[in-house]
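Q: I have a model open and would like to learn how to read it feature by feature. Could you walk me through it?

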Amino acid sequence: MICQHCGKNEATTHIRKIVNGETALYHLCGPCAGALGYKDVFSGFGLDLSKMFGSFLSDGQKGGPAATARCEKCGSSFEDIMKSGKIGCADCYSLHYNKLLPSLQRIHGKTVHEGKVSAGAGEEIKNERRITDLKALLSKAVEEQNFEHAAKLRDEIRSLEF
């Protein structure tokens with residue numbers, strides 16, 4: 001697809017604008033997109049993604065001896081993560097877990113995965129997930145004062161926990 005602005009280069013940036021329910025689609029090459037101010041996905045919103053995530057991760061903490069701990073695998077420190085808003089690798093989660101936990105809680109609302117469980121997951125994981133789901137149903141049943149249903153749920157939870 002050819003750039004709609006210059007008509008010469010291959011379009012690599014595709015912009016969809018919706019204003020008052022009207023959708024407009026623009027196909028631009030890299031240089032034209034940059035010249036028109038579409039340097040990144042959020043350029044029109046006046047926010048810097050790395051600054052935004054960095055502020056989520058910073059939690060008002062100042063650097064100290066613990067802030068200079070670096071991941072052995074990728075070399076990222078917690079300060080690097082705060083500045084870039086990106087986690088270096090999976091090992092960074094383990095190394096910086098205590099500092100990341102409040103930020104993850106604030107960003108996502110929860111710190112426990114609640115997605116699907118794979119078919120190959122062990123019975124223990126599936127059992128834990130079932131217990132969690134039943135406890136949520138139990139709370140709802142008690143809140144609605146449906147005590148007969150709550151008693152059945154309680155018994156099912158007890159049978160799964162032992």
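Q: What share of the contacts with a separation of 6 or more comes from residues 24 or more positions apart?

A: A contact here means heavy atoms within 4.5 Å. In this protein, residues 24 or more positions apart account for 29% of the contacts with a separation of 6 or more. Keep in mind that this is a predicted model, where local features need pLDDT of at least 70 and side-chain atom pairs count only at pLDDT 80 or more, while totals for chains, interfaces and linings use all residues. Residues are numbered from 1 along each chain as its sequence is written, and side-chain values use heavy atoms, with hydrogens and water left out.

Q: How many helices and strands are there?

A: Helices (H or I, at least four residues) and strands (E, at least two) are DSSP runs, numbered from the N terminus. The protein has 7 helices and 2 strands, and along the sequence they follow the pattern β-β-α-α-α-α-α-α-α.

Q: What percentage of the residues is buried?

A: Buried means under 20% relative accessible area, exposed means over 50%, and partly exposed is in between (1.4 Å probe, protein chains only). Of the 162 residues in the protein, 19% are buried.

Q: Which residues make up the largest nonpolar core?

A: In soluble globular proteins, nonpolar side chains tend to be buried together. A nonpolar core is a set of buried Ala, Val, Leu, Ile, Met, Phe, Trp, Tyr and Cys residues joined through side-chain atoms within 4.5 Å. The largest one here has 7 residues: Cys 71, Phe 78, Ile 81, Met 82, Cys 89, Cys 92 and Leu 100. Helix α3 gives the largest share of this core, 3 residues.

Q: Which residues of helix α5 are buried, and which are exposed on the other side?

A: Helix α5 covers residues 97-108, and Lys 99, Leu 100 and Ser 103 are buried in it. Looking down the axis of α5, those buried residues fall within an arc of 80° (taken from the directions from the helix axis to the C-beta atoms), so they line one face of the helix. On the other side of α5 you'll find Asn 98 and His 108 exposed. After α5 comes Gly 109, with a positive phi near 90°.

Q: Where is His 96 found, and what is it in contact with?

A: His 96 is in the loop between α4 (90-95) and α5, and at a relative accessible area of 2% it is buried. Setting aside neighbours within four places in sequence, His 96 is in contact with Ala 69, Ser 76, Ser 77, Phe 78 and Ile 81. As for polar contacts, the idea is a pair of N or O atoms within 3.5 Å; within protein, one must be able to donate a hydrogen and the other to accept it, and residues adjacent in sequence count only if both atoms are side-chain atoms. The His 96 side chain reaches the backbone oxygen of Ser 76 at 3.5 Å.

Q: How many salt bridges are there?

A: Side chains of opposite charge can pair when their charged atoms come close. The rule is a side-chain nitrogen of Lys or Arg within 4 Å of a carboxyl oxygen of Asp or Glu. That gives 5 salt bridges. One of them joins the side chains of Arg 70 and Asp 80 (2.7 Å, N to O). Arg 70 lies in the loop between α2 (49-58) and α3 (78-84) and Asp 80 in helix α3, so the pair ties together parts that are 10 residues apart in sequence. Arg 70 is partly exposed at 48% relative accessible area, and Asp 80 is partly exposed at 27%.

Q: How many disulfides does a search of the whole structure find?

A: A disulfide is a covalent bond between the sulfur atoms of two cysteines. The cut-off is a pair of cysteine sulfur atoms within 2.5 Å. The search finds 0 disulfides. The sulfur of Cys 3 has its closest cysteine sulfur in Cys 6, at 3.8 Å, too far for a bond. For Cys 74, the closest cysteine sulfur is in Cys 92, at 3.4 Å, which is also too far for a bond.
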